[in-house]
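Morning, everyone. I have one model to walk through, so please bring it up on your screens.

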Amino acid sequence: RTTTVMQTEKGRLRVVGAVIWNGEKVLMARRPEGKTHAGLWEFPGGKVEPGETDETALARECKEELDVEVRVGKFLCAAKDGQVDLLCY
């Protein structure tokens, strides 16, 4: 399954985030010191590499960051910040 919800313009970074919840709890992590936006909260996820779909990138990032296998659900929302396009599933 390939989803193209939003085309990313040249020069912009396409990033995907996993919105994972259980009841009223949402899984988020605090960005570590020394990184851009240190101390801010983020969803698991990361950059979409060339040739990847959003879903493939999100599954890969969840495996790398959390050592979990996920089934990527439906597209939820998108946001732009600076040179980043964030798509949440």
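At 53% relative accessibility, what does Glu64 count as: buried or exposed? Glu64 counts as exposed. The cut-offs: buried is under 20% relative accessible area, exposed is over 50%, and partly exposed is in between, with a 1.4 Å probe and protein chains only.

Some ground rules. This is a predicted model, where local features need pLDDT of at least 70, side-chain atom pairs count only at pLDDT 80 or more, and totals for chains, interfaces and linings use all residues. Residues are numbered from 1 along each chain as its sequence is written, and side-chain values use heavy atoms, with hydrogens and water left out.

Start with the sheet. It is open and has four strands, in the order E6-E1-E8-E7, with mixed pairing. E6 and E7 are the edge strands, each pairing on one side only. From one strand to the next, the twist averages 20 degrees. Helix H1 packs on the sheet and touches E1, E6 and E8. The direction of H1 makes about 120 degrees with that of E6.

On terms: helices (H or I, at least four residues) and strands (E, at least two) are DSSP runs, numbered from the N terminus. Two strands pair if DSSP finds at least two bridges between them. Axes are lines fitted to C-alpha atoms, for helices over the stretch in contact, and angles run from 0 to 180 degrees between N-to-C directions. Contact means heavy atoms within 4.5 Å.

Now look at E1. Four of its five residues are buried, so E1 is mostly covered. E1 and E8 pair in the parallel sense, over five bridges. Arg14 has Asp85 in E8 as its bridge partner. E1 also runs antiparallel to strand E6, residues 45-47, with three bridges joining them. There, Val15 has Lys47 in E6 as its bridge partner.

Next, charges. Side chains of opposite charge can pair when their charged atoms come close. How many salt bridges does the structure hold? It holds eight. A salt bridge here is a side-chain nitrogen of Lys or Arg within 4 Å of a carboxyl oxygen of Asp or Glu.

Take Asp85 again. Asp85 forms a salt bridge with Arg12, and the closest N and O atoms are 2.7 Å apart. Asp85 lies in strand E8, residues 84-88, and Arg12 in the segment before strand E1, 13-17, so the pair ties together parts that are 73 residues apart in sequence. Both Asp85 and Arg12 are buried.

Back to Glu64. Its salt bridge is with Arg60, at 3.3 Å between the closest N and O atoms. Why about one helical turn between Glu64 and Arg60? Because they are four residues apart in helix H1, residues 54-66. Arg60 is partly exposed, with a relative accessible area of 22%.

Then there is Glu69 with Lys63. In this salt bridge, the closest N and O atoms are 3.9 Å apart. Glu69 counts as exposed at 70% relative accessibility, and Lys63 as partly exposed at 37%. Salt bridges that share partners also build a network, joining Glu52, Arg60, Glu61 and Glu64 into one.

Backbone check. Most residues other than glycine have a negative phi, and most peptide bonds are trans. What is the phi of His37? It is near 60 degrees, a positive value in a residue other than glycine. His37 sits in the loop between strand E4 (29-30) and strand E5 (41-42). At 48% relative accessibility, His37 counts as partly exposed. Asp67 also has a positive phi, near 55 degrees. Asp67 lies in the loop between H1 and strand E7 (77-81). Asp67 is exposed, with a relative accessible area of 57%.

Last, the surface. Which residues form a nonpolar patch there? Ile20, Leu27, Leu66, Val68 and Val70, with about 320 Å² of accessible area together. Patches are made of residues with over 30% relative accessible area and no salt bridge: like charges are joined within 9 Å, nonpolar side chains (Val, Leu, Ile, Met, Phe, Trp, Tyr) within 5 Å. Accessible areas come from the Shrake-Rupley method with a 1.4 Å probe, and for residues only the protein chains shown count as cover. Val68 is found in the loop between H1 and E7. At 33% relative accessibility, Val68 counts as partly exposed.
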